[in-house]
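Please look through the two chains below before reading on.

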Amino acid sequence: MSNDTSPVVGIGLRSKHFRTFDALRPALPFVEVHAENHLAGGEMRRFLHDVRKDYEISVHCVGISVGSVTLDENHIKRIRCLIDEIDPFLVSDHLSISQLGAVYTNDLLPLPYTEESLRLVCSHVDEVQILLGREILIENPSRYISYAHSTISEGEFLDALARRTGCGLLCDVNNIFVTARNERRDPIEALMAFPHTHVRQFHLAGHDTVTLDGGRVCIDTHDRAVCQEVWDLFGAACERTRGVPTLIEWDNNLPELEVLLDEAAKASAHQRYAASRSLHAAAR
Amino acid sequence: MPLLAEVHAALRHALVFGETLPLGLLVASCPEAETQFDIHRNHFFQSLTGALEKTFPAIVSLVDQRFFSYCAHEFIQEHPPRTPCLFEYGESFPEFVAQFPPCRHLPYLGDVAQLEWNIHAVFHAVDGSGVDVLNIVRPGLPADIRLMESSFPVHRIWQAALEHESSGVDVSHSTAKLVIYRDDGDSTMQQLGDCAFEFLRAVAAGAGPLVALGKASHIDPSYSLGREIPEVVMCRLYGTHSNAQHGNHHVH
């Protein structure tokens, strides 16, 4: 859906905005929906079909849980039904655990980065791609905890995962920032360690910073505008990976739709600037 | 080095039951590892409480926000989600609040919660099939039509609670026989008379229209097919029209 220089920026479409979105029909190349919000029938499903007539759709999942000991095959089959109906151009989920035994956490818990985890996640991603009949993208999580017995860096883990399974990567720039800050690392170094050749999509979102036990912690809240530091990081990411679809994610404390569209315009400007710099560099 | 399965078990106990994580599992830093994990604990309870608040707004109004949060916390610990879809979470909440000791002075609470779950389930029901959001087959009635009977006027209590006027409802002098259904994408309900309710109850149990009509006629021999039943419901059942539609409430 893109050449290397056109901005490709979409927004996450949530039910609060359905009516306004329907009225405005904004000029966007794509919108993204959470699969788990649209597995029911009724209006949620009908609206998605209606949007699909005019927009490309990216399907973002939160419940496949590739880091779990076992996969919920029934859930993946329900996602397959949705995908078959709306033919999205991207399907993604996270490098995380959301299913612990029979319990779903409605959260994205990080997993230890070990050889055992890597084998398990690779096997699960293979299985998911077979069940869905297509490539999926795996997103780097926001992390507040790190396991003492991890032996592989997140970048190495994601790189090995993409190479072994053929999956793509969804690079959440805000998550890189949040995790790096929580690990007292430089976000730019963390971005440079991200295996950018496998990146098929960027996510951008807002986060909060709070004080806990006297230490500062960034929390991935998706409830506010993207901060300047994350925009700067996104600018650097665009220079490494051009023309990749980029999404403005805003899930909580949702503002008017126009605010999301303004954020999308900012992301487009960053993509345009990165593209022009690379053209200049090529011309020299 | 702990195996992944051991890590999962530790996370489940720490997240749902508030147990301490095994010493040394996480990298210690500032803030301490347990405090960092509290971010996940808080998200787990807050996001699920938020989902329950959205599904059961009348219960929030009837018991107040703080008590609802306490009740939800107890419910989440006892009944954590078994599905990744939030819209499927809370089916057993009505039974939970009905049995919840601190709510015993509100004997209608479980039925009001059941009404709210029915409204929610009908709104999200899979189109054109005989299964509900949890894939349970419901012989007779499509998933977007539900029946409910209560010894309390739950529809009036529900409406008054949403309008924050619950003190105005006399809970002891009437009952409710309701059909909850989807009309133009929205959940709607209608109070039914005895015959109409008996008719639909028979249909829900798998009876054909003539057998169901016979059941309704036991109550009133003059009852005619479709009387007092919403037109949309009759259309969904048989593709026909009834001639009466009144007293229904759109709820979303």
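Helices and strands are taken here as DSSP runs, helices being H or I over at least four residues and strands being E over at least two, and both are numbered from the N terminus. What is shown is a predicted model, in which local features need a pLDDT of at least 70 and side-chain atom pairs count only at pLDDT 80 or more, while totals for chains, interfaces and linings use all residues. Residues are numbered from 1 along each chain as its sequence is written, and chains are lettered from A and ligands numbered from 1 in the order in which they are written.

Strands of a sheet pair through backbone hydrogen bonds, either parallel or antiparallel.

Individual pairings can be followed by residue. Strand β1 (residues 9–12) of chain A runs parallel to strand β12 (residues 246–248) of chain A, and 3 bridges join them; it is also joined by 2 bridges to strand β2 (residues 30–34) of chain A, again in parallel.

Helix α3 (residues 73–86) of chain A meets α4(A) at an angle of about 40°, with the axes 9 Å apart; axes are lines fitted to C-alpha atoms, for helices over the stretch in contact, and angles run from 0 to 180 degrees between N-to-C directions. That angle makes α3(A) oblique to α4(A), given that angles under 35 degrees count as roughly parallel, over 145 as roughly antiparallel, 65 to 115 as roughly perpendicular and the rest as oblique. The crossing of α3(A) over α4(A) is right-handed, a crossing being left-handed if the near helix is turned anticlockwise from the far one by less than a right angle, and right-handed if clockwise. On the α3(A) side, E73(A), I76(A), K77(A), I79(A), R80(A) and I83(A) take part, and they meet V128(A), L131(A) and L132(A) of α4(A); two residues are in contact if their C-beta atoms, placed from the backbone, lie within 7 Å. By class this contact has 6 nonpolar, no polar and 3 charged residues, where Ala, Val, Leu, Ile, Met, Phe, Trp, Tyr, Cys and Pro count as nonpolar, Asp, Glu, Lys and Arg as charged, and the others, Gly among them, as polar.

Chain B has 10 helices and 4 strands, which from the N terminus on run α-α-α-α-α-α-β-α-β-β-α-α-α-β. Of its 252 residues, 41% are buried, a residue being buried if 20 or more other C-beta atoms, placed from the backbone, lie within 10 Å of its own, exposed if 12 or fewer, and partly exposed in between. Helix α2 (residues 33–55) of chain B packs against α4(B) at about 115°, their axes 10 Å apart, and these two helices are therefore roughly perpendicular to each other. The contact draws F45(B), L48(B), T49(B), L52(B) and E53(B) from α2(B), and F68(B), S69(B), A72(B), H73(B) and I76(B) from α4(B).

Two residues other than glycine have positive phi values. D64(B), at about 80°, lies in the loop between α3 (57–63) and α4 (65–78) of chain B, and it counts as exposed because it has 9 C-beta neighbours inside 10 Å. N106(A), with phi near 50°, is found in strand β6 of chain A, and it counts as buried because it has 24 such neighbours inside 10 Å.

Strand β6 leads on to the meeting of the two chains. The contact takes 40 residues from chain A and 44 residues from chain B. On the chain A side, the elements giving two or more residues are α2 (42–52), β5 (97–100), β6 (103–109), α4 (115–132) and β11 (215–219), and β6(A) gives the most, with 6 residues. The residues of this side divide into 20 nonpolar, 13 polar and 7 charged.

Conventions
Two strands pair if DSSP finds at least two bridges between them.
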